[in-house]
Amino acid sequence: MTDIEVNRDETRLTLRLPVGYSRLLTRGLPLALIASLCLLVLGILSAFHEQSIDPRIIAGDIGNMDPRANDFARLWILTFVMMVFIVPLYTVHALRAAIVYRFDRAKDKFTCNGRLICPVRRIESVRIVQSDGGNGDESFHLSVAYGDGCDRAVYESEDERRIGRLALEIAEFLQVPFA
């Protein structure tokens with residue numbers, strides 16, 4: 001997992017987990033490639049679809065490839081141009097995205113990406129849970145316990161010392177036990 005950014009002042013502790021390239025590549029890129037492939041197939045098929053030509057328009061030398069004469073070709077060109085602009089915008093937006101946890105004692109809020117999880121005063125403890133993967137890999141999960149036994153997973157790492165330091169910092173800031 002990517003490194004976590006921790007910002008702390010007197011009344012606020014902010015944890016920022018960047019999404020990173022791996023999440024973009026595993027989720028967004030295959031969908032963009034499938035959409036592009038479908039668009040390419042649609043464009044090729046529309047160029048050779050004889051019935052889509054408006055007989056009132058004389059296409060000249062290029063025949064079916066003239067967008068004025070072929071409605072499907074016109075839609076294909078419009079969609080292609082839109083994808084040329086939208087895919088890079090989505091990529092930049094996805095790479096800048098992050099999961100942000102904020103503990104704000106002044107406002108009494110524990111939020112994730114601006115959405116309230118619970119009031120800070122209801123947080124009971126900070127926990128680290130060890131889990132074994134199927135391959136024999138160990139990972140550690142940092143969670144915040146609040147309310148009546150509810151847990152919110154905040155961070156996962158294979159480095160026990162790093163996650164321990166982070167859990168200790170959160171527990172000290174919130175003045176709750178570290179379990």
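Glu-160 counts as exposed because its relative accessibility is 52%, and exposed means over 50%, buried under 20% and partly exposed in between (1.4 Å probe, protein chains only). The model is predicted, so to speak a computed one: local features need pLDDT of at least 70, side-chain atom pairs count only at pLDDT 80 or more, and totals for chains, interfaces and linings use all residues. Residues are numbered from 1 along each chain as its sequence is written, and side-chain values use heavy atoms, leaving out hydrogens and water.

**Exercise 1.** Work out where Glu-160 is found.

*Solution.* Look at helix H3, residues 160-174: Glu-160 is found there. Helices here are DSSP runs (H or I, at least four residues), strands likewise (E, at least two), numbered from the N terminus.

**Exercise 2.** Describe how Phe-103 and Phe-110 pair up.

*Solution.* Start with the count: the structure holds two aromatic pairs. In one of them, Phe-103 and Phe-110 sit 4.5 Å apart, centre to centre, with 5° between the planes, so the pair is stacked (centres within 6.5 Å, planes under 30 degrees apart; over 60 is edge-to-face, the rest tilted). Next, check burial: Phe-103 is buried at 0%, and Phe-110 is buried at 0% too.

Definitions and conventions
Phe/Tyr/Trp six-rings, centres within 6.5 Å; stacked < 30°, edge-to-face > 60°.
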